[in-house]
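User: I have a model open and would like to learn how to read its features. Can you take me through some?

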Amino acid sequence: MKFFVDTADIAEIRALAELGMVDGVTTNPSLVAKSGRKMAEVIAEICSVVAGPVSAEVTATDSQGMLREGRFLARIAPNVAVKVPLTVDGLRACRELSGEGTAVNVTLCFSAAQALLAAKAGAAFISPFVGRLDDVGQEGMDLIAEIVAIYANYPNFRTEVLVASVRHPIHVVQAAKLGAHVATLPPGVLRALFNHPLTDKGLAAFLADWARTNQTIA
Ligand code: G3P
């Protein structure tokens, strides 16, 4: 499963990319606003740090505006994936941009029916928001299971399931168990994957025992 990082914080992206664990990046208007930087500037810098797909989201709501903004974003770097919302206009723009060879990430997906439409529109990625479904009492990972099962019935679909709105490591493990192609992780969740108290405890015990030997390896 590919790990994307869900942030526009370039310092976080650089730090995590050095671990070799970052296969791409997703941003959205809220994350770019939080960065305090101009969209084109921060996306260009992210694309220079991470070679994989970097999602940059349009903010127009009409298809012509999405096409104009999407083409602008796609020109920033070859690895830009243009993000459009799962609306009629968004899927209209998705079909056009995909036809031009631009990778499109269809975002704000909350149902299997929506995901089916995105695949038919030629999306490169579909972003179901599992955390936000959990937040309203629905089982977000059930949606991932549905979409993965539906897409498996149609080998001609080339849309990758990109699990988004990830809140904790269990979402990541569940997504991997279900065979999702990608999970996009807030930096804190990616870091949390490394941690287990028994690892820390076991390492401390090893080093304490080693210290008593008064030897070094090299
Ligand atoms: O960036 C897309 C998605 O991962 C954001 O989800 O719920 O953390 O805002 P959320």
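User: Let's start with Glu41. Is Glu41 buried, exposed or partly exposed?

Analyst: This is a predicted model. Partly exposed runs between under 20% for buried and over 50% for exposed. Glu41 has a relative accessible area of 41%, so Glu41 is partly exposed.

User: Which residue forms a salt bridge with Glu41?

Analyst: Arg37 does, and the closest N and O atoms are 2.6 Å apart. Arg37 is partly exposed too, with a relative accessible area of 26%. The pair belongs to a network of salt bridges that links Arg14, Arg37, Glu41 and Glu45.

User: How many salt bridges are there by this rule?

Analyst: The count comes to ten. One of them joins Glu96 and Arg71, with 3.8 Å between the closest N and O atoms. This pair links distant parts of the chain: Glu96 sits in helix H5 (residues 88-99) and Arg71 in helix H4, 25 residues apart. Glu96 is partly exposed at 42% relative accessibility, and Arg71 is partly exposed at 31%.

User: What about Asp89 and Arg92 in helix H5?

Analyst: Their side chains meet in a salt bridge, 3.6 Å from N to O. The two are three residues apart in H5, about one turn of the helix. Asp89 is partly exposed at 23%, and so is Arg92 at 48%.

User: Which residues does Ser63 contact, leaving aside neighbours within four places in sequence?

Analyst: Asp89, Arg92 and Ala93. Ser63 lies in helix H4 (residues 63-74). Its relative accessible area is 9%, so Ser63 is buried.

User: How do I read the way H1 and H3 pack? At what angle do their axes cross?

Analyst: Angles under 35 degrees count as roughly parallel. The axes of H1 and H3 (residues 39-49) come within 10 Å and cross at roughly 5 degrees. H1 and H3 are therefore roughly parallel to each other. H1 brings Ile10, Ile13, Arg14 and Ala17 to the contact, while H3 brings Glu45, Ile46 and Val49.

User: Is Leu133 buried or exposed?

Analyst: Leu133 counts as buried, at 6% relative accessibility. Leu133 is found in helix H7 (residues 130-135). Not counting residues up to four places away in sequence, Leu133 touches Phe110, Gln138, Gly140 and Leu143.

User: Which residues make the nonpolar surface patch?

Analyst: Leu19, Met21 and Phe194 make a patch of about 280 Å². Leu19 lies in the loop between helix H1 (10-17) and strand E2 (24-26). Leu19 is partly exposed, with a relative accessible area of 47%.

Technical notes: Residues numbered from 1 in each chain as written. Predicted model: local features only at pLDDT ≥ 70, side-chain atom pairs only at ≥ 80, totals over all residues. Heavy atoms only, no water. Patch = residues over 30% accessible without salt bridge, like charges linked within 9 Å, V, L, I, M, F, W, Y side chains within 5 Å. Areas by Shrake-Rupley, 256 points an atom, 1.4 Å probe, with all protein chains shown as cover. Salt bridge = Lys/Arg side-chain N within 4 Å of Asp/Glu carboxyl O. Helix = DSSP H or I, 4+ residues; strand = E, 2+ residues; numbered from the N terminus. Buried < 20%, exposed > 50% of the residue type's maximum accessible area, 1.4 Å probe, protein only. Axes fitted to C-alpha atoms, helices over the stretch in contact; angles between N-to-C directions. Parallel < 35°, antiparallel > 145°, perpendicular 65-115°, else oblique. Contact = heavy atoms within 4.5 Å.
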